[in-house]
Every structure is written in structure tokens, then in C-alpha cells.
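Hi,

Here is the structure I promised to pass on. Have a look at it first, and then read my notes below.

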Amino acid sequence: MTSRRKWALVPGFVALAGAVALLSAYSGASSSQNFTPEQPINFPHPTHVQKLGMNCLYCHYSANKSPDPGLPAVGTCLGCHNPIEVGPNRPKIDSIPARQSVEIKKLLDNYADASGKPKKAIPWVRIHKLPEYVHFPHMRHVNAGVACQSCHGQVQRMQRVYQFSSLNMGWCINCHVNGYKPADAVRNTEGYPTAADNALPPKKARYDCSACHY
Amino acid sequence: MGIVAAFRELDATVDAIEDLKRQKITDMTVYTPTPRHEIEQVVDPPTSPVRRFTLIGGFCGACFGYWIAIWTSDYWPLVVGGKAIATWIPFTIIGFELMVLIGALSTVAGMFINSRVPKITMTVGWDPRFTHGHYGIWVPGTPDRARVIEETLRRHGAEDVRHED
Amino acid sequence: MAATARPKTMAELSPRPNVASANQQLPGVIDYEQVDRDIGGSLSPTAGWFGALAVAIVLFLWGAGAWTYQIYWGLGNAGYNPPVMWGVYIISFVFWVGIGHAGTLISAILYLFRAGFRTTIYRCAEAMTVFAVMTAGLFPIIHIGRPWKFFWLIPYPNWRLIWPNFKSPLVWDVFAISTYLTVSATFLYVGLVPDIAVLRDRATNPVRKRILAVMSLGWRNSEKEWRHFARMYLFLAAFSTPLVLSVHSVVSFDFAMAINPGWHTTIFPPYFVAGAIFSGIGMVFTIIIPIRKFFRLQHYVTINHLDAAAKLCLFTSLVVGCAYLVEFWVAWYSANRFEQQYFWNRVFGEWWWAAWIMLTCNMVFPLSLFSQRLRRNPTWLFILSIFINLGMWFERFVIIVPTLSHEFEPWQWNHYAPSWVDISILVGSFGWFFMWFLLFIKQLPVIAIAEVKEIVPPKLRSPHVHEDAIDVTGRHQAYEPDTPGEFD
Amino acid sequence: MTEPAGSAGVKRRDFLKVLGAAGAVTTTVGCFQEDVEKLIPYLVSPDDTVPGVSTYFATTCRECAAGCGLIAETRDGRAIKLEGNPVHPVNHGALCARGQASLQGLYNPDRYRHPMARKNGKLERITWDEGIKTLRDRISGLGAGAANAVFVNQHETGSFPAFLDQWLAGYGMPAHIAYDGEAPHAVMQANRQSYGSAWPGLDFTAAKLIVAVGADFLEMWGSSVAQQLSFADARAKLADAPRFVYIGPRRSLTGLNADEWVACKPGSELAIVNALAGKGDLAAAATAGGVDQAVLQRLAGEIASTKPSLVLSGVTTANALDVALAVNALNVAAGNVGVTIKPAEALTSFDRVGSPNDLRDAVQRMASGAVQLAMFRGVNPVYVLPKSLRVAEALAKVPFKVSFSPYPDETTELCDLVLPDDHFLESWGDAESVRGSVSLQQPAMDRVFDTRATADVLIGVTKGDPATASRIPAADYRSWLIGRFPGGAQAFGAALARGMAPGSPAQSTGASRTVAAAPAPAPAPLEGQQGDFYFLAYPSPVLGDGRATNKPWLQELPDPVTKIAWQSWIEIHPTTAARLGIENGDHITVTTAAGAVTAPAYIFMGVRQDVVAMATGRGHTGYGRYAQNVGVNPLDALPVAHDASGGLALATVKARVAKTADSSPLVTTEGSARQHARGIGRAITVAELNGPEEEEVEHFAGDNKHDFLPGLRSPVANDAQGVLGNPKSKDKGMYDPEHWSGMAKRRWAMAIDLARCTGCSACVTACYAENNIPTVGAPWQGRSLRPFHSGDGNGWDTRPGANILKGREMQWIRIERYYEGGEDGSSDFDTRFVPMMCQHCGNAPCEPVCPVYATYHSPDGLNVQVYNRCVGTRYCSNGCPYKVRYFNWHGYGEPARRQYAFPEPLNWQLNPDVTVRGKGVMEKCSFCVQRIREAEHRAKLEGRELVADEFTTSCAQACPSRAITFGDAADEKWSVARLAEDRRAYHVFEELNTFTAVVYLKKVNHPAGGAR
């Protein structure tokens, strides 16, 4: 009897091992999800988006007309954070050195000269990085009504930006095949989808390899 | 608790088994260095159920082979060489190979299950000589039968009879 | 004692004769104990064995080094010469897979046919199969441009949501080869279990005994075990038979499925299977003849067995030769200019030398086996087997290289020359193969103990003349040696 | 334009590239490292560019004198591709291989990165101020010696020569010497005499007969792109096309395009032309030329009867001028002037070219020690003049030598001061290609290195000294140009958009040289010389006079005629070779009175039996890693001989040929030059063309019907083609023509007109430029450890083109050159040029064999190759009947590897839209899928459908003979759909049922005594 029970262990163990192997293979392992690097300047998205209500496209100015979303030039920052001229745009805190934040100091000290001219580029650390053999046209997605947050997460709430999505192929394909619900866009931008939104059919996209790989 | 006997000769073993069976002692285990039809004949066991494992395993394998090939091809339909998405003819190869693979493995599994290997423990009633040159008979027996059994075994020329408990 | 009746004769006990071992085969073997002694005794390592093993390991390491080098710098260091995109690696792949086939043929198909001569050589052949397929399996990986991505050929659920292309002959290969490896390895192992049990009980060294105990799965030679064992063995053989035919057919699809001249023919599957068995038997000779000599097992692997195997070898050689000729005839008859120009180029063009090596080694030399004296001459069989191995390697060379170098597009016609990397890895593969084989023959019985015991006459109470034969029905048969001096 | 943040921007770009390449491999060798990438934004975002979207600048090509218009595509501040400017009167949007490759001049890794001066024997880095000051001091120190100063400038049109002369005159220096080693001086002088302009417009379309007497008008003779466009248009008239006869000792690329070749001895052209003109004795001419009198008879008749005709001369013998004059006389007599030869539409490219005679004279003055200061810009006398002139020794006598060359060429390495010039894609300028219009040259991008435009340097020199500061009021050359531009800055800015403007550049005030060039010594008459072979040097169609040799694309581009790359060769006739027991690749030595050269033999039907020919351009001893020690220079064996016009005479010497012991394989991409009756390049004669259409071959039972469904769709590949899909299946997915994506509606296809194709190979280089194709022939890219072979000591195969010797070139599109006839060595053979690229089969044999779907058929009819999915089994290549798949044998795309094909800064050119392939991956022509997708994106953004012919592939765009047409065959609006219906249309290897998407249109032959 005991020998019989002991004997039953062996195939059981094998089956277990097989199941574990399959599961581990299926989970999208090799993804740098949640990559949260330290940036040269700790740019507070919440302040700019939520407090000042700036639009993503103000800084990422080519996201709707180019594959490359575009990064704000130092000049763009200095448009507001200008060390000399006191303009209407200029944030109050800049004028009060005592209350001037460390990060703005960094900006002004390292990347702009006293006259308010950009001095050198800010070496931002790249977070959302697709392999070079994947061609991701931002403008197609933005113009199709995909909310930035759907892929990048609620950046307007992130004190420090991190990689929200896994960005692996299955993640892309799921949306391309099953489609993107316009209601999700509303939800992702902290809105409440109306019945009309919910009624809209999901937007599908090509799942042909050569749509992204060439 | 029982008696294990070792025999030198094949015919002696066969006679002993026959005799024991005649005495309605059937719950014995026979050991033989190599499969002999003579012994199989006198023991006259039921046919091994291993073949069922083979059949079921092979059938499942073939089905799984066709299924995985067709399902994956249809899961992401990509046309190659102008061929249809799910082409059953080449998939027959997959079906066949998996039939053989799973069929064979389940056959082995069937053997293991039926003959209770692998054995974690060496049970009683056995002697190393049985893998060498000797035939053996092990009869788990109650003391009351013990004498009769030993007598029978010895009469048929058992080289050595041992009581175990 | 008097009370007992006259003991029944075996004739009365068993009306039907034991088919598996009806013919007397091993006059030199007297009883079961002798089998254990002889075969068990051959396992003690010798200096010569250590030397051979060392050589094998060195060759293997050299090949492994070459492969590492190739992975770092890219396949460019191999001799590929586009459009000859396949070279030594695929040639060796087909070669090694072919080698494997004889093992399965001998252990499975001949088992089903109840061919008695297989008993003493099948273990050796089966082991050869497993190690040959292990070797072959490496080559597709060595051959591809990004070996580290090889697992993409295996269907497993993945986050890319994309699966292998089951229409590709290469995926068929993956299935065929892995199935073949698994089944033949299982076949070898379960066949070994009773013999391991024998070794376990004979072993004196406690550590070794422990290991063998685990490997033997607690096998006890009980009649019940034997019964299921026999069934399983039968079905495994029944599975292996179509498997061995399918595997090399699938390998031949790698070529037959492409439209290239010289590849795109329906004759390929039978042609390849026959060639595979032919080459395999060649390798069996290469292996078994030295073993039989150095392990002093001549009275197990007898001249009769070699003779029978040689006949098989001759037969497959004739099949292969026929296939060669048919290819030429079809090329001529097809009136297809691509085919015709290609086959002309194969024999009289740039590759004439390879083609003629193939034809002489595989078609001409084996004809010598029509002579019984040569069939029964181990030395000649050994020499011939070397030629066969060479010839069969070149057969694959002739199939692959001339086709690719002389295809549809004349502008892209090119030559081919292997580089030192190709050669090193080829040599390394032999090292790898023999490393495993040498380890095997000194650790596990190279001849199937249990099955040999089947054909050794069992002890019976009725006395008989010692060195003469007793068939299982107890009848006495005087023995005449086939050839003088066969016992030494 | 505003620039991205200096080198940081650069780093980012090549990081992107490299990363992709590395990304493929880092996982490979097993070292996983979390490589952190930096994003470098602009400092001030430029208003006119969008990151990730190309910006285009109209400018002018300065690679040769023709001055074609360019459109430079820049991405994130880097020029990544050059295309012809469609509105330009010379090239009408086409561009030759050299023009394409000028990008590799811009990004050449061997460019000087800063000014340098010779200190204690070797060149050391200096600042620009030092450099300019040194030059200024030297000039002011000249005093009277100024009159003997020499400034050699590459011949170029536009304002700079005038500006330069003005500047020189200011210092009392003689006007500069404009040198062009490739210009046919004799022809130009004759044209000036006969037509009043150096290069009248040539209208091939108007001609009914073209006779070229050694005039290689598809190669270095004149403005090849313009001539090729016109010639292709003429040939495209099919039945009415002009018959083309080529007369000359060697059948050049132009000759191979001819219907008939009259192989005459060098030097006998004059007699033949006169005879044809009816002025001379046919029999004498025939014997002199070693040609059949009957042929000349017939030709003379043809010329007399066929009007209008076009006769061109381009011989390089000592009597070149006489020949040219005779030919012009013939044209005048035949009334071709104004019809096929249009002085009114003259090209001005060669109007003010100086003669090599002047340079020779200058060199001799240097040798005499009279010259105090020599300045060189864009000219490399040490290389381009025959060795027998001893230029190096002459230079040694000059106390101070200045070079403005941006490359370490042989001359510059001897100079004392190097002030590297900007590349024309970095600097301002103008050119005059046709009279009355200026084509402008503007920088397409920021400087790659610390270089400076020579004009600005010269201005700097004057500005630095108060005495001279007033001479040139303008701050820099740009403002100087604007200053003299009609309409000023406003008009200038407006004109830049098109790159063209009416008007004419500054004319040189022509302060004539103080010393007149002494006439050259008359060369010895050819016939009297020693030796039984004529030695014929000719400018390479790809490398010209050698100034293009430092560009890997051009080194890798097989010579259109011999298909040899990365190597020099000596052409010899099969019969002669057989007589001398010479095999292909045997090294043979050609010895002339002036010297000797040794090179591998190439057995070629296209040279006379008594001629050995050799291309210039290789054999540099310097000029950077790609040019150095590759091949030999035929000029080493040439005497200094000039024709009456002062042009360098290349066919003036006889030679002895000796076979040497050693031999080396030819670095050729050619397998078999014969089609073996496989119908790859097909031709049709005019007679057949006029005759009835041959009926369809009917198919035997069971054979698949070989004809296409509408729109080049294959009847078998139902799903693949989107039609006839399995009716039972509910969703045929994206392969359903009704699928919302609409992909399956299209079938991208290509039509190639062999009647137009001249085999010039511009498409090949264009493909390299567009698709990041690595060059693999550089000496360090070979295999490692070839035992028993000579390597560089540590075991590397350092033979130039080592990979190509193994057949590993990566030409996604290649030009196959097949011969028909001439097996007996006769001069009567036909050549078929077949551009061969992935045929994008409807039923592709490569697709089903791929185990991982790395190649498959996309709904819009592309045979897609997914690099990142490829595991490299190379099975697809075996399956491909066209052998158009190429494998990355080494890490050509991996900077860490020795074989890296894009050493910094060549990688700046890489096209960001195309993946750089790592090692172990298969690649092939993608029909420029990145352009297809880009067009689709654009259309989508503008909310419209694709417009017919709105975009095309790189090869089709560049093709100077407009032989390639790309488009959607399933949509009649696209022109390719029309061409697919042409009666000349055929598919290669149709019998294999591959249903290719590439349609070839048969070549049209005009045999002697043809249909008209």
C-alpha cells in the first residue's frame, strides 16, 4: 500500500513541473515594465497637467503629426521659467529665489545662461523604448483617438514617470485585433463615458506584421 | 510473511507452480531471469492491459497534433506560398508524430502503472539470485499453509526454501 | 519421492515451440550465470578505453570551441558560399539522423519480424541510435544564424501570440526528430531496466549499487513485470517501426518540398529511408566489430549475426543504388532543362568527384557482399563500413551542394568550400558521439542480458551432453560449428 | 535652419540605429544589460522641422561637372538620402550612382576633422585662425613670386571660379587652373568650333540612327544622366526607336547597349569616320581599322540614307580632335544640327573647363622650382596625372603647398597646410548647368566636422588684413552670393525652395594666366610603337577618374560591364587569352614604354583581340581606408600625351603582355554570363514587334494555368490575393478584399522595361542608400582565420572584396548582364541587362518553408521579411528560384564587430525608417515597404486615399532611364497596371508558377538592315 502511494508521487510531480513551465513561458517575462529612472530634472507632470491644465501636446508637440512624439526644447521650458523678464506666463515662485524649487534652479543653472538663452540640452532618460525593429507611428494612434494615458498611464498623476505598460508584442496585438473602445479614451482621461461613447464600436487596427516590422 | 523458493531448473519451477495451483494456492509471485513462455503458460495470467494505454494515448496524441497545428495556424492567419491557412495534409505529419510520441510514452506509463514500477522500496519475498540464474516462487502464506507449501516446493526440487516474515 | 508421478516432458507442457528463440544461436554460452559473468565482466574500464574516451572528449571540446567562435563572429566563418546556403552542417545533420535509423530498424523492425540475429547486436545499435540522434539534433541549431532563438521553432504559449509555421518542413523536423529521440531513448532505457537490475544485484561497490538500484526502478524480474514488459516492448516496437520510416521521410521533405532541381522528386522518402538504414548498418559494423573483438564477445556476436547483417546491408545498398539510377533516368525523361543540366553537372560538372565517391562507396563496393567469404570476414566488413560511412556522407553532400550551387538563376551559380570551422564542428560531432558511446559501453551492458538469456537453453532436470544444444522442448541436438575456430 | 544640439543630437541618432542592431544581438551572446538610452531634445525647437518627419532641401550635386539638381532628405538634422530634383532641367529627378554616393563623401570616416599644418614633418591639428593666418602670411610673403603661384581647382560651374579668380587677382596671382580629368576636351573644343558651344543639347529621341565613335555617352562622356534620359526615351519608341551603332576598340557600357559593334583599331577612327562620311577610301579605312569592309559599306549607306542621325565622337587617341571635327562635319553635312544636335539648348557644364595641358604645364613649372605657392582644391594631381610626369617630385620643389581637400588624398598628404573644405551638402554655392538658369546649392545640414567652405576661408584671409579687407565687402560667401543675386535675399530665399532660379552666375573677369601653357609634346604615332597590343585606359563608369573611389557604395558597386568590384582588372579577348594560356584571374603584366602595371586578367568578348583595356579610378596609395591599396592605376603605364586640344590622351601607347606566375580570383558578382536558354532576359526584334502577337502556349492537362487574374493576382494563392477566398469561411481576415483595412485591395507590383534599362546600376546604389544595406567588401570585413591563405598575419582574410569572393554581396537589387551569341569570340553579340530583385511572388516558394513565419505574404501582395522574427535557417533562400535573398553572415550592423559596415559617422546616413539588420538574419528587397507605409500614413493624416503614382521605390526614383515603374497593379489608375498589360510583358521563370509581382518588358533589338 505505502509503496503504491509513494509511487503515485512521481507522475504527479512531473505534471506539476510541466504546468509551471508552461505558465512561466506564457507570462510576458522580458519586459521593462515599471522602469522608473531618476531624471536629470525631476519634472513634475502633475503640477503642469493637473494644476496648470497644460495639454500633453504643448510639450510633446509632434505626437499628432509624426511617428516621434517630440520632446520640449529647453527653449520651451524657458518660455515660462525665464530668469530675467517678468511676464504674465512666468510662475510666481521663480521670482522669489527663496521659494524657487531645486529643480527650477537646476534648469536655470545648468541649461540656461543668465540672459535666458538655452545653453545645453537636457539629457532625459528614455523610459518608453521600443526595439528599433518596431515602427510605432504616434500620430496614427493619437489621431485615431487613443488617449495618451491608455499606453503611458496616468502620467498627470505620476510624481516620477515610469513605464506603465509592458509594451510587449502581445500587448500591442490585443488592442489591434480586439479594438480600442472610444469609451476607454474618455475613462483614461478621467472623464465619464456617456451612453453615446459606450455605443461607439471599438476601433480595430491592422495585425499584419509589416504594419510595424520593416 | 511467506515462503520464497529458488529453483535451478525451468521444468522443476513449472511443475512446482502447476502443483501449487492444483492445491488452490494461486496468490504466488513467480520470478524468472528471463521471460519464458513455459512459465507464462502455467501461470496463465490475464492479458496485459497495457495495450489500452497505447490505444488511448495514440489517439489523444493524433488529435492533439491536428488540433495544435490547425488552431495555431488559424489563431494568427498568415498566408504563406498561397496555401490555405489550415492545410490538413502537412498537418498529418504533426498528427502522426504526436500520435507516436504520446502513444509510446503512455505505453511505457501503462507498463509502469501495471507492474508498479518504479518501486521505491524492495518488498519482501525476493532474492538477488532471481536476476542471475534462478527461478523463484514467492507465496505469501499464513503459518497454517506454510508446511504444505514448503513441502510442495521442496518436492519439486527447490534448491532453497526460505521463510520470511 | 516415489509418490510423485513421472515428471512431464516439456513437450507435454508446452505444445507450441518458443518462436523467439527456436533456433540455436550461441553454442558458446552455457547458462544464465555465464551471460551475467561475460557481459558484466566486460564493464571494467581498461586503459585503452580511457585513451579512446580522452581522444573523443578532446575532439568534442575542439568542435565546441569552433562553435563558440562561430556564434561570436557570425556564420560567415563557416564556408557558406551563397547561394549555397546549406553546407556541412545540414549534410552532417542528415548523415547522423541516417545513422540512427539502423538502430531502430534492428531493435524494432527486426524484433517484429522475429529475426533472431538481432538479439545480440540490438542493444549496441539502439544506443548508437540515441547518441546519433542526439548528435544530429545539434546540427540544425549550429546551422541557424541565431541559435539563441532556436526555441521559436517549438510551439509554446508565448506573449508574442505567434506560433511556428506548421507548414514548414523544418517544423516537421523538430517534431520528427524530438519524437524519434524521445521514443528511441525510452526504448533503450526500458530495455535496459532488467539488465540494470542484474548489474545491481551483482554489484559490489555500494555507491554503484545504489545508483543502479535507482536506475533499475526496483525491477524484480517477477512474472507480472515481464508480462507487461513484453507487451510494452511489443507496442514500442510497433510504434518505432512507422516512426523510423517517417523520420527520414520527413528529413527528405526538407529537400523534396523545395522546388529546386535535384530536390523536387517523389522518390526522396524511400530513397532517404533506404540510404539511412544502409548508412546505419555501416556504422553498426564500425562499432560492433571492434567491441566484439576487444570485449571478447565473439561467442555472443557470432559470425552468423554479422553475416545476416551484411545481407541486410547489401540489400539496402542495392535499393540506394537503384534510387541513384532512377534519379538520372527521371531527369532525362522529364525533358526539364533545369533537371537535365543539373544532373549533367552533378556527374560530369564541377562536382564529379563527390558524385563518384558516392557512387563507388555506396553502389560498387557493397557488391562485394555477394561473396559469402567476405560477408563472414569481420576485417573486410569493418573496412567496408568505413567506406560506407564516407560514401553516405558524400551522398548528402551531393544532394545538397550541387543543387544549390547550380540552380535556376545562372547569374547566381557559385562554388562551395567548407572552412576550418565547418570541419572542426564536424569532427567535434564525432567526438561528441563517441564520448557518449564510450561512456555507455563501460557503464551499461552493451549486449542485452535478459534477451540473450532468452536464447540460452534453460537448465533442465533431465541431463544432457554439455556443449550440445538443447531446445526448449528438451530434445537433444548435436551441434556442428558453421566455421572452424569460431569460438575464439 | 536651426540645428539640433550639436553632437548630442548625433549621438542620439546613431544610438537609435546601433541599439536596434545591438538589440538583436545583446540577447544573443547572453549578456543582458539594461542599457539606458538618453533622449536629447532640441535646444530651440526649429520651426520648419518636425522630429521624426523628413525635411527636404533642394540643392545641387557637385560630384561631377554636370551639376544635377538634388533633393536632400534630412531627418532630425541629418541628410539621409539624395534624390534628383524633378524640376531640374538636366536630370529631371533622376540621379546616378555617384550622385547617390556623395552622401558617403559627406559622412566619410576618413574626412579631415579639423585644419592641419605640417609641423616637423607631419600634419598636426591647428585652429582655423592659425590656419587662415598662416595662409595670409605666406601670400603676403610671396611678393613678386605671387605671379608664379598656382591654384588648381576642380572644374565646376557657377560663381565660385569667378570669385576665386577675383580673389587671386587681388593678390596678383594668375587665374586658377580648372581641371576635370573626365571631361572630353577634344570633343568640347571641336564643338566650340563646329557648333559654337562646348556641349550642345543632344536629342536622341529625334534621331533615327545613332552612331557613337567611342563616345560613352551613358558613362563619363559629358552629362550622363541627361543623355541617358534622352537615350532611354528614344529606345522606348520601340519600333521607331533609333538603331544604335558603336564604333571603337572596346565595347563599353554604352557599346553594350548598341545594336551593332564595329570593333576597330584605336587610332583608325579618323579614317573610318571619313570613309563613312564618303570622304575617304572605304577599303583603306577597313584595313586600317581591321574591320570588315562590307560592314563599313553598309554603315555608310545607312548614314547617307537615314536622316536625321546622331553621330558622336569620344575617342581618346592623340588625334581625338581631328576625329571630333570630322564627326561634327559629318553631322553638319547630314543636317543633324538643330535637329538632333541643338546648340540652342546647350549644357553649360563644360563651358569654362581648363585643359589638362595647363595643369601639366603648371607641374613642369613646379618641377623647375619657379612656383613658390601651390594651392589645390578638389583636384588630386599626384593621382590623376600619369606617373611618368613625376608630380610628387615636382611638388617637393614647391616651398609651400596648401590643400583645401577634405580627404587625405595623395596630393594633400604632401601639402604643408590643410584647410578642409565643406562638403557641398554643408555649404553655399551655385551652378550653371543650362544657360540662363542658376541651380542653387544650400547646406542641407550642420557641419559634420570642423571644416570650412573654401570661399569663406579666402574671405577670411582678406578680412584678416586691413589692407585687403575692403576687397570683398561681403561678410561671407553666402552673403556675397545673395549680394549679386537678382532680387536680393528675398528672391534668393524664394528660389531656394525650388533650387532653381533664372539668371546666370558670375563670369570670370578672366585675368588670363601670366604664363601661357606650352604645347604638349606630340605623342609617338601609335602604329610605329613596340608591342603587339594596344593599351587602352578608360575612365571607370562608376569611379570616374578616381575621385569617387573612397566611397564604399561605389567600391562595392560592380562595374556595369565586367561586374568586378573592389579590384582592378585587365580586359583581354578570349581568343587572345586562350593563345597566351591566360585564365580569368591570372595576373598579367602590361608593359609600355612609359611603365608597367600588373593586374588580374578578365576575359571579355568586348575588346578587340589586339587590345588590352583597363579602367582608371583604383590604385590609390592614400585617400582613406576604402580607397587605399585597392587595385592598381593604369596611368602608371601611360606616357604624358595630349591631343591637340590639350586633353589627356588615354589610348596612345602599345604594350607587351606577359603572364605572371601568380593569380587571384576575380571579385565578381557574376556567376554564369549565359542564360542557358532560361529566358531570364528576353528580347524581341523590331520585325517581331511589328509582326503579329505570338499566340498563348496552351497547357497540358493537370498543369496549372499560368495566367494571372486581373491585377497580377495569382489564381492559386486565393487567400494571399484576397480574391476567391474560401467561401465557407466567415471571416477571411485581412486577406479579404472587403476587410476594413482594405489592404487586400492592393497588389504592389513593379514593371521593368528592358528596352529602357542601360545597366548603369544607379538603382543599386540608390537601394543601398535607402535600405541601410551594408557594404561587405572592405579589406577588414573578411572572414577570420583562413588557414593556408595569406591574411594580415593575425589570420584575417584581408583581401579587398573577400566576402564578395564568397558570393556574399548584399545587393537587394542587382543588374544581371547576360550575353547572347559571340561564343566564337566574334564581336557580334547581344547583351541583356536584367535588374533582378525580390519578385514578391504570389505563390512564393520561400514562404511556406520558413518555420517561424519570418517571411510571409502580406495582404497587399508583398513578400514580407520580418528581420526580428528570422532565426536564420536560410531555407527561404534555397527555395527562391531568383536567388534574391541575402544573409547577414557577419555583424555588419553591429558596431562592436570588426565587420561593422557603418563606421562613425557613416552611420549618420542610416535611414531611421529601416531596421539595421544584425548578424544571422536574412534580408531582401522589401519593395521599399517603409515608403509604402509612410505614404499610407500621410494619406491617412490628410484624410484621403492613396493617389496613383504618388510615391515610388528608391530604385525607380533614381533610375536615369526610367526603366522601373512601381505601383498598385490592382488599380488601373496606377501606370504599372497599364504596363503589365504590355505585349512585351513577361515574368521570369513563369513555368515555376510563382506568379511574380515583377513584370519585365522585353528588350527591343534593331538588327542590321532592320525592319525599316
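Buried area here is the accessible area (1.4 Å probe) that two parts lose on being put together, summed over both. By that count, chain C and chain D bury about 5,300 Å² between them, with 56% of it on carbon and sulfur atoms. On the chain C side, W73(C), R146(C) and W411(C) lose the most area to chain D, together 17% of what that side buries.

Before going on: this is a predicted model, where local features need pLDDT of at least 70 and side-chain atom pairs count only at pLDDT 80 or more, while totals for chains, interfaces and linings use all residues. Residues are numbered from 1 along each chain as its sequence is written, chains are lettered from A and ligands numbered from 1 in the order in which they are written, and side-chain values use heavy atoms, leaving out hydrogens and water.

Back to the interface. Counting heavy atoms within 4.5 Å as contact, 57 residues of chain C and 70 residues of chain D take part. There are three salt bridges between chain C and chain D (a side-chain nitrogen of Lys or Arg within 4 Å of a carboxyl oxygen of Asp or Glu). One of them joins E407(C) to K883(D), with the closest N and O atoms 2.8 Å apart.

The side of chain C that touches chain D has 35 nonpolar, 14 polar and eight charged residues. Nonpolar means Ala, Val, Leu, Ile, Met, Phe, Trp, Tyr, Cys and Pro, charged means Asp, Glu, Lys and Arg, and the others, Gly among them, are polar.

Cheers
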